[in-house]
Amino acid sequence: MLHRFTSNIEDIELPKQFTYPFHYTPHPLCRVAAEEVQAYLASREEWHEELSKGKMFGVLVVEAEGELGFVAAFSGNLAGSNSHEYFVPAVYDMLRPGEFFKRGEADISAINQRIKSLEASEEYLAAKRELADVERDYEATLKAIKVRLKEGKELRATQRAEGLYSEAELILASQRENAEAQRLKRAAKERVEQAVAHLATLQTEIEGLKQERQRRSAELQTMIFREFRMLNAEGVERDLCDLFAPTAQQTPPAGAGECAAPKLLQYAFKHGMRPIAMAEFWWGASPKGEVRQHGLFYPACNGKCKPILEHMLVGLQVEPNPLKEIVPPEPKVVWEDRDIVVIDKPSGMLSVRGKSGVRSAEEWATERYPEAMIVHRLDQS
């Protein structure tokens with residue numbers, strides 16, 4: 001897994017501190033290591049189609065046995081596997097044959113098949129058709145009753161004007177007509193209720209299976225997260241459930257622990273390597289929902305990686321967060337009256353409080369207008 005540099009790196013000075021992974025400029029050693037990884041990726045023609053869809057890779061420059069080298073990793077899995085000779089292994093390989101994940105996944109798949117079978121059964125489909133039919137009949141019955149009552153009322157008005165029947169006879173006819181309308185409504189409603197009850201009986205088993213699937217999925221996910229026991233530079237080990245418990249979401253998101261950065265540090269700590277610098281780059285097309293450019297370097301993600309890396313970096317001398325050292329220009333007040341303040345913030349300043357802890361325009365504003373509330377913002381490029 002450890003790779004020696006094939007390029008000449010004698011003139012490259014080592015960094016004084018380890019990379020702050022959430023905002024950094026790639027160290028020259030990381031750039032050289034990334035170029036070597038990219039050359040390797042280009043040589044694996046069987047991966048080209050998959051890689052063209054986009055994937056994050058990472059490099060970690062390390063010192064091992066007095067020599068410099070680097071290790072590489074990919075996020076998620078590659079070619080349906082977590083294990084490839086050139087890259088560090090997964091922190092926990094759930095795809096390995098015999099692992100409880102595969103057994104649990106098979107059990108959940110069996111439940112899925114049972115749900116699909118029940119939902120495709122003729123009895124279930126017939127019950128749904130029956131309910132749809134009686135609901136249409138019910139609506140048609142209500143419309144017909146409404147028309148019949150209106151016509152009866154108009155007929156009695158004519159009969160009353162012509163004096164053909166007494167008022168008592170007309171009232172009795174109206175009462176009989178209303179009673180018959182109510183009987184028809186009840187009969188139609190009972191047919192709907194019977195169809196609903198029949199379908200509900202069939203759905204009870206399906207809903208029970210869906211709840212069982214959800215319960216098993218949650219248990220399996222928790223078991224997986226417990227297997228991701230992350231080391232830090234001091235040798236302290238904590239699992240993902242423990243690391244994410246203090247966060248707002250409290251539970252780890254799907255895919256936590258499978259990104260390149262945690263894999264790299266875990267491998268280095270387990271094999272006695274001293275981390276020197278780290279960088280991650282994107283390879284392939286940009287994913288949906290975010291902008292990623294082929295070959296460019298990117299910081300570690302906050303959602304999946306921040307709680308993990310904050311633990312793993314304990315014991316290393318890490319660069320300070322450069323964002324906290326940047327003092328952006330002050331916003332300018334464009335308009336102010338009794339009710340509203342319009343400010344022009346400098347480019348690069350966050351509009352509202354973010355995860356980086358860097359001062360935002362919102363904080364600047366509330367320092368001056370304690371009861372102010374942000375009502376509109378224009379901040380995307």
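Mentor: A cavity is a set of grid points where a 1.4 Å probe fits but cannot get out, and its lining residues have an atom within 4 Å of a point. Please bear in mind that the model is predicted.

With a threshold of 30 Å³ or more, the count comes to one cavity. The largest cavity has a volume of about 40 Å³. Its lining is formed by G76, N82, A90, V91, Y92, M94, F228, G257, E258 and K263. Of the residues in this lining, five are nonpolar, three are polar and two are charged.

We may now turn to the helices. Two packed helices are described by the angle between their axes and the distance between the axes. Helix α3, residues 100–120, packs with helix α5, residues 167–227, at an angle of about 165°, and their axes lie 10 Å apart. An angle over 145 degrees counts as roughly antiparallel, so α3 is roughly antiparallel to α5. The crossing of α3 past α5 is left-handed. Residues of α3 that make the contact include F100, F101, I108, I111 and L118, and among those of α5 are I206, L209, L220, M223 and I224. The contact of α3 with α5 comprises 11 nonpolar, three polar and 10 charged residues.

Helix α4, residues 122–162, also packs with α5, at an angle of about 170° and with the axes 9 Å apart. The helices α4 and α5 are therefore roughly antiparallel to each other. In their contact, 19 residues are nonpolar, seven are polar and 13 are charged.

Note on methods. Residues numbered from 1 in each chain as written. Predicted model: local features only at pLDDT ≥ 70, side-chain atom pairs only at ≥ 80, totals over all residues. Heavy atoms only, no water. 1 Å grid on protein atoms, 1.4 Å probe; cavity = no way out; pocket = protein on both sides within 12 Å on 5 of 7 lines; lining within 4 Å. Points joined across faces, edges and corners; volume = space filled by probe spheres on them. Nonpolar A, V, L, I, M, F, W, Y, C, P; charged D, E, K, R; others polar. Axes fitted to C-alpha atoms, helices over the stretch in contact; angles between N-to-C directions. Helix = DSSP H or I, 4+ residues; strand = E, 2+ residues; numbered from the N terminus. Parallel < 35°, antiparallel > 145°, perpendicular 65-115°, else oblique. Left-handed = near helix turned anticlockwise from the far one by under 90°. Contact = heavy atoms within 4.5 Å.
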